[in-house]
Structure formats: C-alpha cells, structure tokens
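Please keep the model open in your viewer, with residue selection and distance display at hand.

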Amino acid sequence: MFNSSSIIRFLSALIIFTLVLTACQNNQFETEHFIYKPVGKQSPPSTTLMDDLDSEYARITELLNVKNEKKLEIIIYASHKDYLKKTGLPSWSGGGYSRNGIILPEYDKLTAVHELTHVLINRINPDTPRWLNEGIATYIAKDLLMSMQELRNEVKLYMIPPFSSYRIVDPTEFMSIGGYKMSCSMIDFMVSEYDWERLLQLIRSPYDFEGVFQMSGEEFWNKWKEYLNKND
Ligand SMILES: [Zn+2]
C-alpha cells in the first residue's frame, strides 16, 4: 500500500536525482558497489571512506539477505545548507535516500551506512513502516554512538509510546517521540530475545506479529518493556 507522503518523497527524490545526474557527470568516482557524485566544489571522497562503504555494503546485504542489481549512487553536497536547499528535507535531517542510492550533506560513514540500510530494506519491502525501517537502520549503522546496554538504560527512563506509534509515518513526529532510540531498542530486543530470521520475516510482513512472534503487536510491545526493566 502506498501513502501520499511516501509517493511525494519518492517523486521529489527522483527529481533531485535527475537534476543531480545532469549536473555532475564529469565528477564521479566509481567503486565496486557505488558511484559517488559530489555536487559543487569539494574534495573527492577519501579512499578509506570508499573502501569502508564497499565492505559495509557487503555486510548489510548479507545481514538482510538481499541482492541489489545496479551500483548505488552516493550524492554528496558541499554543505548541510546546500543539502537542505536542494532536497527540502527537514532541518534536522542528516541524510536521505531513494531507490537509486543515498544523499548526504557531508562525507560521513555512519550516516551513509544508515541510509544505505534503508535502501536495502526497501528492496525487501518498499512499504516497511518507518518504525521498523529506522530501527533497523539505526541498529545496523550503530550511529547512536552508545552501547546497547546504555541504550536500554536510557530508553527505559523515557515514556515508552504505545504500540500505535509503530504506524507513525511523519518523520518529524517520529523524531519528536525519540523514535530513533525507541525503535533501535526494539530491534535490540527482537535480536537478543528472538532471532535475526524473525526480523527478516517482519520486514516482509510488518504487521503480522501473530505469524512472526505468535503474539499480538500489543503483547510484543509489553514484552519489550519487560525486557527493558529486567536488563539492569
Ligand atoms: Zn533513517
């Protein structure tokens, strides 16, 4: 099922990619899995970054068990200001993605891995709910810069939102409830107490908690809260 905001997001990303494609054809750097397209005046991506992202690509495609046919584009703007101006993304946004690849305001490995994970999750299911999609991307990229134990301790101090938040679509609303930490913590619970295979099943059938975990979504949510409280 498509919703209008995801279609608008997809279309605007498509337009951006088309515009950028024509703008920087002579300034590209190709690796095994990516085509880097820096926009405007800036230094080329470092060899370390390019090597790191190629190995992260291999790690994530293996974790998600997903195949990707074409090389992905990495569009990098010269500044965060340029990035916001050209993409129209919210001011707190640190990166974006579309079907073709990722969009970054600067050379940053963790953000690149986070956005790359979204692209590959969407290869499995383009309608993966935001909660699940952000949770997995944050978990895989480890871009919260804290250990899972620190995250558990922090998240349980928050007011855990009800199960209905699993359906939040709006990125700013998601951000405002601490969605990145919350959803990452839920993935940590899923992987620690169950297994990775069920996470992959949930991407394919995101609302079928009964089929994947043999319990309702509400029950699953309560088990996650219990997990946070027993993990001191
Ligand atoms: Zn994200």
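Predicted model: local features only at pLDDT ≥ 70, side-chain atom pairs only at ≥ 80, totals over all residues.

**A tour of the salt bridges**

Begin by selecting Glu-197 and Arg-204, whose side chains meet in a salt bridge with an N to O distance of 3.6 Å; the term stands for a side-chain nitrogen of Lys or Arg within 4 Å of a carboxyl oxygen of Asp or Glu.

Residues are numbered from 1 along each chain as its sequence is written, and side-chain values use heavy atoms, with hydrogens and water left out.

Next, select helix α5 (residues 130-141), where Arg-130 and Glu-134 lie four residues apart, about one turn of the helix; helices are DSSP runs of H or I with at least four residues, strands are runs of E with at least two, and both are numbered from the N terminus. The side chains of Arg-130 and Glu-134 form a salt bridge at 3.4 Å, N to O, and both residues are buried.

Now go to Lys-109 and Asp-52, a salt bridge in which the closest N and O atoms are 3.9 Å apart. This pair joins distant parts of the chain, since Lys-109 sits in helix α4 (residues 109-124) and Asp-52 in helix α2 (residues 47-64), 57 residues apart. Lys-109 is partly exposed at 31% relative accessibility, and Asp-52 is partly exposed too, at 28%.

Finally, show the whole protein chain. How many salt bridges does the rule give? The count comes to 11. In a cartoon view, the secondary structure comprises 11 helices and five strands, and of the 232 residues 47% count as buried. Among contacts (heavy atoms within 4.5 Å) with a separation of 6 or more, 66% are between residues 24 or more positions apart. Switch to a surface to end the tour: the chain exposes about 11,800 Å², of which carbon and sulfur atoms supply 54%, with areas from the Shrake-Rupley method and a 1.4 Å probe, and, for residues, only the protein chains shown counting as cover.

Notes. Buried < 20%, exposed > 50% of the residue type's maximum accessible area, 1.4 Å probe, protein only.
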